[in-house]
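Take a first look at the fold below.

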Amino acid sequence: MVADNLLSIKNLSVAYHVKGEDLTAIAEITLAIRKGEVLGLVGESGSGKSTLGRAILRLLPASARLKGGSISYRKEELTQELTQLSEKEINKKIRGREIAMVMQNPQNALNPVFTVGRQLVDVLYFKEKKDNRQVSRRKLKGKAVEILEKVGISDPEYRFSEYPHELSGGMKQRVMLAMAFISSPSLLIADEPTTALDPTVEAQILKLLAELVEEYQTSILYISHDLRVVAGLSDRIAVMYAGRLVELAEADELFSRPNHPYTQALIACLPDPERGERLPTIPGKVPDLGYYPSGCSFHPRCRHCFEPCPREVPPLEEVGPGHLSACFLNSKGVEEE
Ligand code: ATP
Ligand code: MG
């Protein structure tokens, strides 16, 4: 493992058990998250982004099966293989304190029967308890109010005593970020944290996230189906399609030299004010689970598809410094039109 990798995922495959069959949702994903970086993870709906994010913290539903691979978390001299930890160990040592997760819908993530303050204090309280330290909830209030202020909640003392239903969507998402950052995790997995918000609030939350990353030096795996959102925030961008990683590069490199036809198509579909109203779309759609095509799973939608594509899975290969892409146009030479 390279020294500055905080999390190294190797050959990770996950299947969902559906009607008596194990259907592969993500296949042989190899990806590292570096210390202090924001890694954007993009792909259309159904490409397996959330499955990957949840697999890291083992927060998958009971129907999911880890079919193979490893997830190695390294902090200072300590390396932990997350796939091998017991439920109790991952809960005590990793979830919330080392790796936190913010979900797409804060409505479901906050408990409606407890005040915002109580939920923030609980994060701290249980952290202390796991470390065998006794501290009263009352003593932790100051830190909770402080973090509410930090995430831009006005009148944090007052908001501390409010219930989730008394907050707007944007405010709830700020509270979710407060809950994630309050225990200073080394890695935050943010799964579409702004998708449910209107564009103005989304922009505010993204700005806040960038500030929090700067302040806490937290690494982020930022999951989104929207390449635009990921572009402004990420150091590197990983592109997924039908359960596989198809391209990985520094954000600038990905936009200036996209290699995979899928990435090229995603970029071509970004809104461009100069081009006018009509947006191009990628013909076809992401295959459903259980119907991933053989070979390169993008081949039915790819305008370059040639002889090996329907038969073989293209390997991820280096196409530039730190730039990986899984396309036969790179390795098998000329394109056959
Ligand atoms: P979105 O952008 O819509 O959130 P995603 O990239 O996060 O999509 P996943 O939610 O990881 O995609 O889903 C990957 C595939 O696994 C999809 O085909 C989805 O229908 C399927 N899937 C997800 N959860 C389950 C489940 N609990 N049982 C069966 N199939 C599932
Ligand atoms: Mg998802």
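Predicted model: local features only at pLDDT ≥ 70, side-chain atom pairs only at ≥ 80, totals over all residues.

Residues are numbered from 1 along each chain as its sequence is written, chains are lettered from A and ligands numbered from 1 in the order in which they are written, and side-chain values use heavy atoms, with hydrogens and water left out.

Back to the strands. Strand β6 covers residues 99-102, and strand β7 covers residues 187-191. They pair in the parallel sense over 4 bridges; pairing takes at least two bridges found by DSSP. In a regular strand, side chains alternate between the two faces of the sheet. In β6, both faces are covered. I99 and M101 are buried on one side, and A100 and V102 are buried on the other. Buried means under 20% relative accessible area, exposed over 50%, and partly exposed in between, with a 1.4 Å probe and protein chains only.

Next comes helix α2, residues 87-94, which holds I94. I94 has a relative accessible area of 0%, so this residue counts as buried. Leaving aside neighbours within four places in sequence, I94 is in contact with L57, Y73, Q80, L82, L85, E89 and I99. Contact means heavy atoms within 4.5 Å. L31 is 63 residues from I94 in sequence, and their C-alpha atoms are 19 Å apart.

Now move to helix α11, residues 261-268. This helix is mostly covered, with 6 of its 8 residues buried. They are P261, Y262, T263, A265, L266 and I267. The cover includes helices α9, α10 and α12 and strands β9 and β10.

Finally, step back to the whole chain. Its secondary structure comes to 12 helices and 12 strands. These are DSSP runs numbered from the N terminus: helices are H or I with at least four residues, strands E with at least two. The C-alpha atoms fill a box of roughly 70 × 50 × 40 Å along the principal axes. Buried residues make up 50% of the 337 residues. Among contacts between residues at least 6 apart in sequence, 65% join residues at least 24 apart.
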